[in-house]
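Colleague: I am new to this structure. Could you walk me through how to read it?
Modeller: Gladly. Let us take it feature by feature.

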Amino acid sequence: ARRFLAFNAQSPSGHYKLDLGKPSDYAVAEQLLLLDRWECEIDESLKRPDTSQWGLRSHFRNLQHQGRQLQRVRMTEWRLPIFDTLDFDYVSGRRSVESSSDQALDDRAFKKILKNLRETEVEATAKIDVLRSVGHWFLLRSMQMRDLLGVCDSEAWRGDVVALFYFQIVDMQNEKVFRLRFGGTGELDKIRERLGWATSFPFIQPERASFRLDLQYYDCRLAMTFFIMLMNREGVTNVKHALLVDENGQDDPLMLGILRAWDAVEKLPMGGTFCATYVCAPEDRQLALRRSLYEKYGMWKMFPDAEVVWWAGVEETPPVVLSFMDWLAREFSEGKDTFSIFAHGDRVTLGNFEDTLREMKSDFCKGADGASRVLAVFRFLDASNKGGVTKSQWKILDQLRQDVELSMREFTVFLYHKFGPGATFLDKAWAGFEGLKDDEVPESSWRACVIDKWQYFGPAVGIHVLLDRTRSGSVSHQEFMRLNSFVEY
(Lines give C-alpha, C1' and ligand atoms only; values in the text may rest on other atoms or scores of the structure.)
Protein backbone atom coordinates (compact mmCIF):
# COMPACT_ATOMS: atom_id res chain seq x y z
CA ALA A 1 0.00 0.00 0.00
CA ARG A 2 3.04 2.29 -0.17
CA ARG A 3 1.95 4.04 -3.36
CA PHE A 4 -1.52 4.69 -1.98
CA LEU A 5 -0.18 6.11 1.30
CA ALA A 6 2.42 8.25 -0.51
CA PHE A 7 0.00 9.64 -3.09
CA ASN A 8 -0.64 13.38 -2.78
CA ALA A 9 -3.32 14.81 -5.07
CA GLN A 10 -1.94 18.31 -4.45
CA SER A 11 1.47 17.23 -5.74
CA PRO A 12 0.68 14.52 -8.29
CA SER A 13 3.40 15.06 -10.94
CA GLY A 14 5.73 12.11 -11.21
CA HIS A 15 6.26 8.60 -12.51
CA TYR A 16 3.86 5.79 -11.57
CA LYS A 17 4.15 2.05 -11.99
CA LEU A 18 0.95 0.53 -10.64
CA ASP A 19 -0.08 -3.09 -10.23
CA LEU A 20 -3.78 -2.84 -11.08
CA GLY A 21 -4.40 -6.19 -9.45
CA LYS A 22 -3.71 -4.56 -6.07
CA PRO A 23 -6.64 -2.55 -4.66
CA SER A 24 -4.33 0.15 -3.25
CA ASP A 25 -2.56 0.70 -6.61
CA TYR A 26 -5.87 0.56 -8.47
CA ALA A 27 -7.19 3.30 -6.15
CA VAL A 28 -4.24 5.55 -7.04
CA ALA A 29 -4.96 5.04 -10.76
CA GLU A 30 -8.63 5.91 -10.20
CA GLN A 31 -7.72 9.10 -8.36
CA LEU A 32 -5.35 10.18 -11.13
CA LEU A 33 -7.97 9.51 -13.80
CA LEU A 34 -10.43 11.66 -11.87
CA LEU A 35 -7.79 14.34 -11.36
CA ASP A 36 -6.96 14.30 -15.08
CA ARG A 37 -10.60 14.87 -16.02
CA TRP A 38 -10.86 17.74 -13.56
CA GLU A 39 -7.62 19.35 -14.81
CA CYS A 40 -8.79 19.02 -18.43
CA GLU A 41 -11.98 20.89 -17.53
CA ILE A 42 -9.92 23.60 -15.84
CA ASP A 43 -7.64 23.90 -18.88
CA GLU A 44 -10.59 24.33 -21.23
CA SER A 45 -12.35 26.83 -18.99
CA LEU A 46 -9.16 28.92 -18.75
CA LYS A 47 -8.61 28.54 -22.53
CA ARG A 48 -5.15 27.15 -22.00
CA PRO A 49 -3.37 25.78 -25.09
CA ASP A 50 -3.05 22.02 -25.40
CA THR A 51 0.52 20.93 -24.60
CA SER A 52 -0.23 17.23 -24.07
CA GLN A 53 1.72 14.36 -25.61
CA TRP A 54 -0.91 13.35 -28.20
CA GLY A 55 -2.86 16.60 -28.52
CA LEU A 56 -5.80 15.21 -26.52
CA ARG A 57 -5.34 17.46 -23.46
CA SER A 58 -4.64 14.57 -21.10
CA HIS A 59 -2.03 15.02 -18.36
CA PHE A 60 -1.01 11.37 -18.69
CA ARG A 61 2.19 10.75 -20.66
CA ASN A 62 4.14 7.71 -21.85
CA LEU A 63 1.23 5.41 -20.97
CA GLN A 64 1.98 1.68 -21.08
CA HIS A 65 -0.14 -1.33 -20.14
CA GLN A 66 1.26 -4.83 -20.18
CA GLY A 67 4.51 -3.35 -21.45
CA ARG A 68 2.91 -1.92 -24.60
CA GLN A 69 2.55 1.78 -25.36
CA LEU A 70 -1.01 3.07 -25.53
CA GLN A 71 -1.23 5.72 -28.24
CA ARG A 72 -3.79 8.50 -28.67
CA VAL A 73 -5.96 7.21 -25.82
CA ARG A 74 -8.71 9.55 -24.66
CA MET A 75 -8.38 9.10 -20.93
CA THR A 76 -11.87 10.51 -20.31
CA GLU A 77 -13.31 7.56 -22.25
CA TRP A 78 -10.79 4.88 -21.27
CA ARG A 79 -11.89 2.00 -19.04
CA LEU A 80 -9.28 1.22 -16.42
CA PRO A 81 -8.18 -2.45 -16.58
CA ILE A 82 -8.21 -4.51 -13.40
CA PHE A 83 -5.05 -6.50 -14.09
CA ASP A 84 -1.35 -6.22 -14.99
CA THR A 85 0.95 -3.18 -14.73
CA LEU A 86 0.11 0.38 -15.73
CA ASP A 87 3.20 2.51 -16.27
CA PHE A 88 3.01 6.27 -16.97
CA ASP A 89 4.01 9.81 -16.08
CA TYR A 90 1.52 12.33 -14.79
CA VAL A 91 2.19 16.04 -15.40
CA SER A 92 -0.08 18.45 -13.59
CA GLY A 93 -1.15 21.76 -15.10
CA ARG A 94 -0.89 23.39 -11.70
CA ARG A 95 1.74 26.14 -11.46
CA SER A 96 3.19 28.20 -8.66
CA VAL A 97 0.89 31.15 -8.01
CA GLU A 98 3.95 33.20 -7.03
CA SER A 99 6.53 34.65 -9.38
CA SER A 100 8.79 36.29 -6.81
CA SER A 101 11.92 34.64 -5.43
CA ASP A 102 11.02 36.14 -2.06
CA GLN A 103 8.24 33.56 -1.74
CA ALA A 104 10.61 30.59 -2.01
CA LEU A 105 11.64 28.48 0.95
CA ASP A 106 14.15 30.39 3.09
CA ASP A 107 17.76 29.25 2.85
CA ARG A 108 18.02 28.16 6.48
CA ALA A 109 15.11 25.73 6.22
CA PHE A 110 16.27 24.56 2.81
CA LYS A 111 19.76 23.72 4.10
CA LYS A 112 18.20 21.62 6.86
CA ILE A 113 16.26 19.67 4.24
CA LEU A 114 19.45 19.09 2.23
CA LYS A 115 21.31 17.96 5.35
CA ASN A 116 18.59 15.45 6.25
CA LEU A 117 18.38 14.12 2.70
CA ARG A 118 22.13 13.69 2.55
CA GLU A 119 22.56 12.04 5.97
CA THR A 120 19.44 9.90 6.30
CA GLU A 121 20.29 6.33 5.32
CA VAL A 122 17.10 5.19 3.64
CA GLU A 123 16.28 4.35 0.03
CA ALA A 124 15.74 7.19 -2.44
CA THR A 125 12.13 6.06 -3.00
CA ALA A 126 11.39 6.66 0.68
CA LYS A 127 12.90 10.14 0.51
CA ILE A 128 10.81 10.94 -2.56
CA ASP A 129 7.67 9.74 -0.76
CA VAL A 130 8.39 12.13 2.12
CA LEU A 131 9.11 15.03 -0.23
CA ARG A 132 5.93 14.30 -2.17
CA SER A 133 3.83 14.41 1.00
CA VAL A 134 4.97 17.96 1.81
CA GLY A 135 6.10 19.22 -1.59
CA HIS A 136 3.03 21.37 -2.21
CA TRP A 137 3.73 23.40 0.92
CA PHE A 138 6.91 25.09 -0.26
CA LEU A 139 8.33 26.76 -3.36
CA LEU A 140 11.87 26.68 -4.69
CA ARG A 141 14.21 28.98 -6.57
CA SER A 142 16.16 27.66 -9.55
CA MET A 143 19.38 27.79 -7.56
CA GLN A 144 17.79 25.69 -4.82
CA MET A 145 16.71 23.12 -7.39
CA ARG A 146 20.34 22.96 -8.54
CA ASP A 147 21.48 22.34 -4.95
CA LEU A 148 18.79 19.71 -4.46
CA LEU A 149 19.93 17.84 -7.57
CA GLY A 150 23.44 17.74 -6.12
CA VAL A 151 22.19 15.61 -3.22
CA CYS A 152 20.62 13.01 -5.52
CA ASP A 153 23.04 10.19 -6.27
CA SER A 154 21.16 8.43 -9.06
CA GLU A 155 19.50 9.29 -12.36
CA ALA A 156 16.14 7.91 -11.21
CA TRP A 157 16.18 10.02 -8.05
CA ARG A 158 17.07 13.20 -9.95
CA GLY A 159 14.29 12.56 -12.45
CA ASP A 160 11.75 12.15 -9.67
CA VAL A 161 12.95 15.32 -7.90
CA VAL A 162 12.65 17.42 -11.08
CA ALA A 163 9.19 16.02 -11.88
CA LEU A 164 8.02 16.66 -8.32
CA PHE A 165 9.28 20.24 -7.92
CA TYR A 166 9.47 21.58 -11.48
CA PHE A 167 6.13 23.36 -11.19
CA GLN A 168 6.99 24.68 -7.71
CA ILE A 169 9.81 26.89 -9.03
CA VAL A 170 9.13 30.60 -8.64
CA ASP A 171 11.76 31.88 -11.11
CA MET A 172 11.41 29.59 -14.10
CA GLN A 173 13.00 32.30 -16.24
CA ASN A 174 16.24 31.19 -14.59
CA GLU A 175 15.82 27.44 -15.15
CA LYS A 176 19.10 27.38 -17.06
CA VAL A 177 20.84 27.58 -13.68
CA PHE A 178 19.83 24.00 -12.85
CA ARG A 179 19.36 22.74 -16.40
CA LEU A 180 23.08 23.09 -17.12
CA ARG A 181 24.01 20.75 -14.31
CA PHE A 182 22.68 17.87 -16.42
CA GLY A 183 25.22 18.58 -19.17
CA GLY A 184 25.13 16.43 -22.29
CA THR A 185 24.47 13.08 -20.64
CA GLY A 186 21.05 12.51 -22.25
CA GLU A 187 19.52 12.55 -18.79
CA LEU A 188 17.89 15.92 -19.44
CA ASP A 189 16.17 14.61 -22.59
CA LYS A 190 14.62 11.80 -20.56
CA ILE A 191 13.25 14.33 -18.08
CA ARG A 192 11.84 16.44 -20.91
CA GLU A 193 10.14 13.33 -22.29
CA ARG A 194 8.55 12.83 -18.88
CA LEU A 195 7.44 16.45 -18.45
CA GLY A 196 6.75 17.16 -22.11
CA TRP A 197 8.96 19.04 -24.54
CA ALA A 198 6.47 21.89 -24.90
CA THR A 199 5.99 22.21 -21.14
CA SER A 200 9.72 22.17 -20.37
CA PHE A 201 10.83 24.30 -23.32
CA PRO A 202 13.53 26.85 -22.27
CA PHE A 203 11.45 29.85 -23.33
CA ILE A 204 13.53 32.64 -21.80
CA GLN A 205 17.07 31.27 -22.06
CA PRO A 206 17.25 28.81 -24.99
CA GLU A 207 20.85 29.79 -25.76
CA ARG A 208 23.01 26.73 -26.52
CA ALA A 209 20.15 24.36 -25.69
CA SER A 210 20.04 21.19 -27.78
CA PHE A 211 16.79 19.66 -28.99
CA ARG A 212 15.92 16.13 -30.06
CA LEU A 213 12.23 16.13 -30.97
CA ASP A 214 10.31 12.99 -31.89
CA LEU A 215 7.74 14.43 -34.29
CA GLN A 216 5.21 11.62 -33.88
CA TYR A 217 4.25 13.35 -30.63
CA TYR A 218 2.10 16.46 -30.65
CA ASP A 219 4.04 18.20 -27.87
CA CYS A 220 7.33 17.72 -29.75
CA ARG A 221 5.84 19.25 -32.89
CA LEU A 222 4.54 22.12 -30.77
CA ALA A 223 8.00 22.62 -29.26
CA MET A 224 9.43 22.69 -32.77
CA THR A 225 7.09 25.55 -33.68
CA PHE A 226 8.54 27.51 -30.74
CA PHE A 227 12.00 26.81 -32.14
CA ILE A 228 10.95 27.97 -35.64
CA MET A 229 9.31 31.13 -34.28
CA LEU A 230 12.49 32.05 -32.43
CA MET A 231 14.54 31.33 -35.55
CA ASN A 232 12.28 33.45 -37.76
CA ARG A 233 12.41 36.44 -35.42
CA GLU A 234 15.94 36.22 -34.03
CA GLY A 235 17.88 34.93 -37.03
CA VAL A 236 18.21 31.77 -39.10
CA THR A 237 21.94 31.63 -38.38
CA ASN A 238 21.11 30.93 -34.73
CA VAL A 239 20.30 27.32 -35.64
CA LYS A 240 23.30 25.01 -35.47
CA HIS A 241 23.76 21.34 -36.41
CA ALA A 242 20.20 20.98 -37.72
CA LEU A 243 19.25 17.47 -38.83
CA LEU A 244 15.98 15.80 -39.70
CA VAL A 245 15.87 12.00 -39.55
CA ASP A 246 12.82 10.68 -41.38
CA GLU A 247 10.63 7.76 -40.29
CA ASN A 248 12.81 5.36 -42.29
CA GLY A 249 15.96 6.45 -40.48
CA GLN A 250 17.34 8.47 -43.42
CA ASP A 251 19.23 11.65 -42.53
CA ASP A 252 18.26 14.96 -44.10
CA PRO A 253 20.91 17.58 -43.17
CA LEU A 254 18.50 20.34 -44.29
CA MET A 255 21.03 21.87 -46.67
CA LEU A 256 18.41 24.32 -47.93
CA GLY A 257 17.59 25.36 -44.39
CA ILE A 258 14.62 24.85 -42.12
CA LEU A 259 11.31 25.82 -43.67
CA ARG A 260 10.09 29.09 -42.20
CA ALA A 261 6.53 27.87 -42.77
CA TRP A 262 7.03 25.21 -40.08
CA ASP A 263 5.77 27.65 -37.45
CA ALA A 264 2.43 25.85 -37.01
CA VAL A 265 1.85 22.30 -35.77
CA GLU A 266 -0.35 21.29 -38.71
CA LYS A 267 2.43 22.19 -41.19
CA LEU A 268 5.04 19.90 -39.64
CA PRO A 269 5.78 16.31 -40.65
CA MET A 270 3.99 13.75 -38.46
CA GLY A 271 7.04 11.56 -37.99
CA GLY A 272 10.81 11.53 -37.84
CA THR A 273 13.20 13.22 -35.44
CA PHE A 274 14.41 16.82 -35.53
CA CYS A 275 17.75 17.66 -33.90
CA ALA A 276 19.37 21.07 -33.55
CA THR A 277 21.13 23.47 -31.19
CA TYR A 278 20.07 27.08 -30.73
CA VAL A 279 22.39 30.03 -30.13
CA CYS A 280 21.61 33.73 -30.03
CA ALA A 281 23.58 36.92 -29.47
CA PRO A 282 22.15 39.12 -26.67
CA GLU A 283 21.36 41.99 -29.07
CA ASP A 284 19.30 39.65 -31.28
CA ARG A 285 17.04 38.38 -28.51
CA GLN A 286 13.34 39.11 -28.99
CA LEU A 287 12.41 39.06 -25.32
CA ALA A 288 8.82 40.08 -26.00
CA LEU A 289 8.32 36.93 -28.09
CA ARG A 290 10.03 34.77 -25.51
CA ARG A 291 7.86 36.23 -22.76
CA SER A 292 4.71 35.64 -24.81
CA LEU A 293 5.54 31.94 -25.34
CA TYR A 294 6.58 31.59 -21.69
CA GLU A 295 3.27 32.92 -20.42
CA LYS A 296 0.95 31.33 -23.00
CA TYR A 297 2.42 27.84 -23.40
CA GLY A 298 4.52 27.52 -20.26
CA MET A 299 1.64 28.98 -18.25
CA TRP A 300 4.09 30.74 -15.95
CA LYS A 301 3.59 34.06 -14.18
CA MET A 302 5.33 37.04 -15.74
CA PHE A 303 8.45 38.51 -14.11
CA PRO A 304 10.36 41.82 -14.07
CA ASP A 305 13.34 42.03 -16.42
CA ALA A 306 15.63 42.62 -13.44
CA GLU A 307 14.84 39.13 -12.12
CA VAL A 308 16.36 37.34 -15.12
CA VAL A 309 19.76 35.90 -14.22
CA TRP A 310 21.43 35.37 -17.60
CA TRP A 311 23.60 32.29 -17.33
CA ALA A 312 26.29 30.40 -19.20
CA GLY A 313 27.65 27.08 -18.04
CA VAL A 314 30.80 25.00 -17.89
CA GLU A 315 29.12 22.00 -19.49
CA GLU A 316 28.03 23.85 -22.64
CA THR A 317 31.37 25.58 -23.15
CA PRO A 318 34.26 24.18 -25.25
CA PRO A 319 37.38 23.36 -23.17
CA VAL A 320 39.48 25.95 -25.03
CA VAL A 321 37.06 28.71 -23.94
CA LEU A 322 37.20 27.48 -20.35
CA SER A 323 40.99 27.72 -20.49
CA PHE A 324 40.79 31.27 -21.84
CA MET A 325 38.29 32.33 -19.19
CA ASP A 326 40.52 30.86 -16.47
CA TRP A 327 43.51 32.76 -17.89
CA LEU A 328 41.43 35.95 -17.96
CA ALA A 329 40.35 35.44 -14.32
CA ARG A 330 43.99 35.02 -13.24
CA GLU A 331 45.18 38.01 -15.25
CA PHE A 332 42.50 40.50 -14.20
CA SER A 333 40.65 41.07 -10.96
CA GLU A 334 36.92 40.43 -10.78
CA GLY A 335 34.92 43.41 -11.99
CA LYS A 336 37.65 44.60 -14.36
CA ASP A 337 36.30 45.80 -17.71
CA THR A 338 38.26 43.39 -19.89
CA PHE A 339 36.17 44.21 -22.97
CA SER A 340 37.71 47.69 -23.26
CA ILE A 341 41.20 46.15 -23.17
CA PHE A 342 40.55 44.03 -26.26
CA ALA A 343 38.03 46.22 -28.09
CA HIS A 344 38.60 48.64 -30.93
CA GLY A 345 35.60 50.96 -30.79
CA ASP A 346 32.38 49.16 -29.93
CA ARG A 347 33.56 45.61 -30.71
CA VAL A 348 36.43 43.16 -30.60
CA THR A 349 37.63 41.98 -34.00
CA LEU A 350 39.75 38.89 -34.52
CA GLY A 351 42.74 41.10 -35.34
CA ASN A 352 42.32 43.12 -32.12
CA PHE A 353 41.95 39.92 -30.15
CA GLU A 354 45.13 38.36 -31.53
CA ASP A 355 47.19 41.56 -31.28
CA THR A 356 46.19 42.25 -27.67
CA LEU A 357 47.05 38.71 -26.57
CA ARG A 358 50.45 38.95 -28.27
CA GLU A 359 51.15 42.35 -26.70
CA MET A 360 50.31 40.91 -23.30
CA LYS A 361 52.65 37.97 -24.03
CA SER A 362 49.86 35.65 -23.02
CA ASP A 363 50.77 31.99 -22.66
CA PHE A 364 47.29 31.21 -23.97
CA CYS A 365 48.29 31.93 -27.57
CA LYS A 366 51.71 30.31 -27.41
CA GLY A 367 52.58 26.99 -28.98
CA ALA A 368 51.89 25.38 -32.33
CA ASP A 369 48.15 25.39 -31.74
CA GLY A 370 48.02 28.88 -30.24
CA ALA A 371 46.44 30.52 -33.31
CA SER A 372 43.76 27.84 -33.59
CA ARG A 373 42.90 28.24 -29.88
CA VAL A 374 42.50 31.99 -30.26
CA LEU A 375 40.29 31.53 -33.33
CA ALA A 376 38.12 28.97 -31.52
CA VAL A 377 37.53 31.35 -28.61
CA PHE A 378 36.71 34.24 -30.95
CA ARG A 379 34.19 32.17 -32.90
CA PHE A 380 32.52 31.09 -29.67
CA LEU A 381 32.17 34.69 -28.49
CA ASP A 382 30.98 35.95 -31.89
CA ALA A 383 27.53 34.37 -31.51
CA SER A 384 26.03 36.47 -34.32
CA ASN A 385 28.75 35.45 -36.84
CA LYS A 386 29.26 39.08 -37.88
CA GLY A 387 33.02 39.17 -37.48
CA GLY A 388 33.02 41.19 -34.26
CA VAL A 389 32.28 40.60 -30.59
CA THR A 390 30.06 43.22 -28.96
CA LYS A 391 30.16 44.14 -25.30
CA SER A 392 26.93 42.24 -24.63
CA GLN A 393 28.43 39.14 -26.28
CA TRP A 394 31.62 39.52 -24.25
CA LYS A 395 29.55 39.42 -21.05
CA ILE A 396 29.07 35.68 -21.54
CA LEU A 397 32.52 35.37 -19.95
CA ASP A 398 31.19 36.98 -16.77
CA GLN A 399 28.19 34.65 -16.84
CA LEU A 400 30.50 31.71 -17.35
CA ARG A 401 32.75 32.83 -14.52
CA GLN A 402 29.89 32.66 -12.02
CA ASP A 403 29.07 29.11 -13.12
CA VAL A 404 32.73 28.11 -12.91
CA GLU A 405 33.01 29.32 -9.32
CA LEU A 406 29.72 27.66 -8.40
CA SER A 407 30.72 24.37 -10.06
CA MET A 408 34.07 24.32 -8.26
CA ARG A 409 32.35 24.92 -4.91
CA GLU A 410 29.80 22.20 -5.63
CA PHE A 411 32.54 19.71 -6.49
CA THR A 412 34.47 20.62 -3.36
CA VAL A 413 31.35 20.15 -1.22
CA PHE A 414 30.80 16.76 -2.87
CA LEU A 415 34.35 15.67 -2.02
CA TYR A 416 33.96 16.94 1.55
CA HIS A 417 30.87 14.83 2.15
CA LYS A 418 32.42 11.81 0.45
CA PHE A 419 35.90 11.92 2.03
CA GLY A 420 35.39 14.19 5.05
CA PRO A 421 34.78 15.53 7.52
CA GLY A 422 38.11 17.02 8.40
CA ALA A 423 40.69 19.27 6.79
CA THR A 424 42.41 16.37 5.01
CA PHE A 425 39.48 15.40 2.81
CA LEU A 426 41.18 16.64 -0.38
CA ASP A 427 44.26 14.53 0.36
CA LYS A 428 42.00 11.51 0.89
CA ALA A 429 40.24 12.25 -2.39
CA TRP A 430 43.59 12.51 -4.21
CA ALA A 431 44.62 9.16 -2.76
CA GLY A 432 41.42 7.69 -4.20
CA PHE A 433 42.43 8.36 -7.80
CA GLU A 434 43.55 5.36 -9.81
CA GLY A 435 45.60 5.25 -12.99
CA LEU A 436 47.91 8.18 -12.17
CA LYS A 437 50.68 8.95 -14.66
CA ASP A 438 53.76 10.74 -13.29
CA ASP A 439 51.69 11.54 -10.18
CA GLU A 440 49.09 13.33 -12.30
CA VAL A 441 45.47 12.44 -13.16
CA PRO A 442 44.79 12.24 -16.92
CA GLU A 443 41.27 12.88 -18.16
CA SER A 444 40.54 9.18 -18.67
CA SER A 445 41.38 8.34 -15.04
CA TRP A 446 39.46 11.41 -13.87
CA ARG A 447 36.34 10.24 -15.73
CA ALA A 448 36.73 6.70 -14.37
CA CYS A 449 36.91 7.89 -10.76
CA VAL A 450 34.80 11.06 -10.57
CA ILE A 451 31.98 10.05 -12.91
CA ASP A 452 31.92 6.24 -12.95
CA LYS A 453 33.19 5.34 -9.47
CA TRP A 454 32.22 8.30 -7.30
CA GLN A 455 29.05 9.06 -9.30
CA TYR A 456 29.54 12.82 -9.25
CA PHE A 457 26.69 14.74 -10.87
CA GLY A 458 27.95 17.87 -12.55
CA PRO A 459 30.49 19.17 -15.11
CA ALA A 460 33.27 16.76 -14.10
CA VAL A 461 35.24 17.04 -17.35
CA GLY A 462 34.97 20.84 -17.34
CA ILE A 463 36.37 20.92 -13.80
CA HIS A 464 39.33 18.80 -14.97
CA VAL A 465 39.97 21.34 -17.77
CA LEU A 466 39.82 24.25 -15.31
CA LEU A 467 42.20 22.61 -12.83
CA ASP A 468 44.65 21.75 -15.64
CA ARG A 469 46.16 25.22 -15.95
CA THR A 470 49.22 23.98 -17.83
CA ARG A 471 46.95 22.46 -20.52
CA SER A 472 48.94 19.22 -20.29
CA GLY A 473 45.83 17.03 -20.30
CA SER A 474 46.45 15.96 -16.69
CA VAL A 475 45.87 17.45 -13.24
CA SER A 476 48.77 17.52 -10.80
CA HIS A 477 48.44 17.30 -7.02
CA GLN A 478 49.26 21.01 -6.72
CA GLU A 479 46.56 21.90 -9.25
CA PHE A 480 44.04 19.64 -7.50
CA MET A 481 44.71 21.32 -4.15
CA ARG A 482 43.47 24.62 -5.64
CA LEU A 483 40.08 23.33 -4.56
CA ASN A 484 41.06 24.41 -1.04
CA SER A 485 40.13 27.96 -2.01
CA PHE A 486 36.52 26.82 -2.51
CA VAL A 487 36.15 25.07 0.86
CA GLU A 488 33.17 26.23 2.94
CA TYR A 489 32.96 24.36 6.23
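Predicted model: local features only at pLDDT ≥ 70, side-chain atom pairs only at ≥ 80, totals over all residues.

Colleague: Is Cys-40 buried or exposed?

Modeller: Buried means under 20% relative accessible area. Cys-40 has a relative accessible area of 9%, so Cys-40 is buried.

Colleague: How many residues apart along the chain are Cys-40 and Pro-202, and what separates their C-alpha atoms?

Modeller: Cys-40 and Pro-202 are 162 residues apart along the chain, and 24 Å separates their C-alpha atoms.

Colleague: Now the sheets. What is the strand order in the open sheet that contains β1?

Modeller: The order is β1-β4-β2-β3. That makes an open sheet of 4 strands with antiparallel pairing. Its edge strands are β1 (14–19) and β3 (68–69), each of which pairs on one side only.

Colleague: How many bridges join β1 to β4?

Modeller: There are 6 bridges between β1 and β4 (residues 85–90), and the two strands run antiparallel. Take two examples. Lys-17 has Asp-87 in β4 as its bridge partner. His-15 stands opposite Asp-89, also in β4.

Colleague: Which residues make up the covered face of β5?

Modeller: The covered face holds Ala-209, Phe-211 and Leu-213. Ser-210, Arg-212 and Asp-214 make up the uncovered face.

Colleague: Let us turn to rings. How is an aromatic pair described?

Modeller: Two values do it: the distance of the ring centres and the angle of the planes. A search of the whole structure finds 44 aromatic pairs. One of them joins Tyr-166 and Phe-167, at 5.3 Å centre to centre with 85 degrees between the planes. Planes over 60 degrees apart count as edge-to-face, and this pair is edge-to-face. Both Tyr-166 and Phe-167 are buried.

Colleague: Which residues do ring pairs link into a cluster?

Modeller: The cluster consists of Trp-197, Phe-201, Phe-203, Phe-211, Phe-226, Phe-227, Phe-274, Tyr-278 and Tyr-297. Phe-211 belongs to the covered face of β5, and Tyr-278 of β8 stands opposite Ala-209.

Colleague: Where do charged ends sit over rings?

Modeller: Arg-95 has its charged end over the ring of Trp-300, 5.2 Å from the ring centre. The charged end of Arg-158 sits over the ring of Phe-457, 4.0 Å from its centre.

Colleague: Last topic: pockets. What shows where empty space is left?

Modeller: Rolling a probe the size of a water molecule over the atoms shows it. Here, the largest pocket has a volume of about 1,200 Å³. It is lined by 41 residues, with Leu-114, Arg-118, Val-151, Val-413 and His-417 closest to its centre. The elements that give two or more residues to this lining are α3 (107–119), α4 (124–134), α5 (142–151) and α16 (396–419).

Colleague: How do the residues of that lining divide?

Modeller: The lining of the largest pocket has 18 nonpolar, 6 polar and 17 charged residues.

Colleague: What about the second largest pocket: how much space lies in it?

Modeller: The second largest pocket holds about 630 Å³ of space. Of its 28 lining residues, Arg-208, Ala-209, Ser-210, Thr-277 and Glu-316 lie nearest its centre. The elements giving two or more residues to this lining are α8 (187–195), β5 (209–214), β6 (239–245), β8 (273–278) and α14 (370–381). The lining of the second largest pocket divides into 9 nonpolar, 8 polar and 11 charged residues.

Technical notes:
Residues numbered from 1 in each chain as written. Heavy atoms only, no water. Phe/Tyr/Trp six-rings, centres within 6.5 Å; stacked < 30°, edge-to-face > 60°. Buried < 20%, exposed > 50% of the residue type's maximum accessible area, 1.4 Å probe, protein only. Lys NZ or Arg CZ within 6 Å of the ring centre and 35° of its normal. 1 Å grid on protein atoms, 1.4 Å probe; cavity = no way out; pocket = protein on both sides within 12 Å on 5 of 7 lines; lining within 4 Å. Points joined across faces, edges and corners; volume = space filled by probe spheres on them. Nonpolar A, V, L, I, M, F, W, Y, C, P; charged D, E, K, R; others polar. Pairing = 2+ DSSP bridges.
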